[in-house]
Amino acid sequence: MSIQQPVRLTELASCAGCAAKIGADMLAQVVKPLRQRVVPEQLLIGLGAIDDAAVYQVSEQQAIISTADFFPPVVDDPYTFGAIAATNALSDVYAMGGQVLMAINLVAWPESLDTSILSEVLRGGMEAVERAGGAIAGGHSISDEEPKYGLAVTGIVHPKRILTKGGAKPGDILILSKPLGTGLITTAQKRGLVHEDDMAAAVTSMTTLNKRASELLVEAGPAVHATTDITGFSLVGHAWEMATQSKTCMRFDYAALPLLPNVRHYAEAGCIPGGTARNVRSVGSHVHIGEHIDQYAQAILFDPQTSGGLFAAIDPALWETLSQQKEVPFRRIGEVTDLVSDLEQVILSVE
């Protein structure tokens, strides 16, 4: 059971509910000029085709996955915040088709806060890593007025079974493993407008590992053409990343999107995270929105997610198998359409 204390962690965060990510467009510009003089051939995935994590091959059978993620509190309960932040960081390993080996805590913490609160954050993170089959092996901390927590994660994957963002093909089905709306609901919590049951549903989603979803996609083999996880850049932001890596366009069926309870209500109530506008600025020009998709539905499309689900482009022949299994509630949400020769021609259509 988590401790009870009067501090509202989200009040100490500058951007609760939006994971405080740099916009996808800005990040691309920052990374674009970086050119390493020597890139070892064992570095299978690095700054070239940017993906969810780096992958370094160590043998014919094994490659190491390395990733890191941390952010300010998106909920007030310290144990729950730790569990969410850790689950979110672990997700990049699963997006690459890997297994978690170990993790190192990354902590920024105000000296004015009781250390027992931080202990609960770390306990939440530790237990999430344990559920993933890994272990906390150390960490690094700094003093900061805004609390932040996350992990640097090491995983392992077979070099021939890596899942990547690139590779989606026209005719592929687009699937998603978790509902959308965590940014709207956590923002509603910060404003004191959230219903307890809705918050509980969001927490359950954010603390659910993408482990089994990843395993199912890896087991499907070559029928899975591209995979990523949905986090701070929103559904359309991460879809745009996949589409540009694959040089394809995508079409989404808005009515088919899985949503957390009462997400539209919170959009209508104005509980829009700060990251939403940033996502619109980053990729909005590449998205064609159908006339019947109103501003509240668009807020959901661009809603920055925390610890969202896996998003994949798969061969249509695989869908019957995935849709019949009961472990992970994959939803069919769209399709991959045209190939393009110029990234400026990449368009996401939402109908």
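**A walk through the predicted model**

Thr276 sits in helix H9, which covers residues 274–283. In this predicted model, Thr276 has a relative accessible area of 7%, and because buried means under 20%, Thr276 counts as buried. Leaving aside its neighbours within four places in sequence, Thr276 is in contact with Ala299, Phe302, Asp303 and Pro304.

Most residues other than glycine have a negative phi. Ser307 is not a glycine, yet its phi is positive, at about 55°. Ser307 is also buried, since its relative accessible area is 1%. Ser234 is another residue of this kind: it is not a glycine and has a positive phi of about 80°. Ser234 belongs to helix H7, residues 234–246. With a relative accessibility of 0%, Ser234 counts as buried.

Helix H10 also has a part in covering helix H4. Helix H4 runs from residue 182 to residue 190, and eight of its nine residues are buried, so this helix is largely enclosed by the rest of the structure. The buried residues of H4 are Thr182, Gly183, Leu184, Ile185, Thr186, Thr187, Ala188 and Gln189. Their cover includes helix H5 (196–206) and helix H8 (263–268) as well as H10. After H4 comes Gly192, with a positive phi near 70°.

The next part to follow is a sheet. Six strands form an open sheet in the order S1-S2-S3-S6-S4-S5, and their pairing is mixed. Strand S1 (43–45) and strand S5 (135–143) are at the edges; each has a single partner strand, so one side of each is left without a neighbour in the sheet. From one strand to the next, the twist averages 20°.

With S5, strand S4 pairs in the parallel sense over seven bridges. With S6, strand S4 pairs in the antiparallel sense over nine bridges. Met102 has Ala135 in S5 as its bridge partner, and Trp109 stands opposite Ser143 in S5.

What does Ala108 touch, not counting residues up to four places away in sequence? The residues are Ile142, Asp144, Glu146, Pro147 and Lys148. Ala108 can also be placed relative to Pro72: the two are 36 residues apart in sequence, and their C-alpha atoms are 9.0 Å apart in space.

Helix H2, residues 78–95, lies across strand S3 (63–71), S4 and strand S6 (148–157), and runs at about 30° to S6. Helix H3, residues 115–131, lies across S4, S5 and S6, and runs at about 165° to S4. Together, S4, H3 and S5 make a right-handed β-α-β unit. The two strands of this unit, S4 and S5, are the pair joined in the parallel sense.

The remaining values describe the protein as a whole. The protein contains eleven helices and 13 strands. Its C-alpha atoms fill a box of roughly 55 × 50 × 45 Å along the principal axes. For 351 residues, a compact globule would have a radius of gyration near 20 Å, and the 19 Å of the protein agrees with that. Of the contacts in the protein with a separation of 6 or more, 86% are between residues 24 or more positions apart. The protein exposes about 15,400 Å², and carbon and sulfur atoms supply 53% of this area.

Notes: Residues numbered from 1 in each chain as written. Predicted model: local features only at pLDDT ≥ 70, side-chain atom pairs only at ≥ 80, totals over all residues. Heavy atoms only, no water. Pairing = 2+ DSSP bridges. Helix = DSSP H or I, 4+ residues; strand = E, 2+ residues; numbered from the N terminus. Axes fitted to C-alpha atoms, helices over the stretch in contact; angles between N-to-C directions. Contact = heavy atoms within 4.5 Å. Buried < 20%, exposed > 50% of the residue type's maximum accessible area, 1.4 Å probe, protein only. Rg over C-alpha atoms; globule rule 2.2 N^0.38 Å. Areas by Shrake-Rupley, 256 points an atom, 1.4 Å probe, with all protein chains shown as cover. Right-handed = clockwise from strand over helix to strand, strands pointing away.
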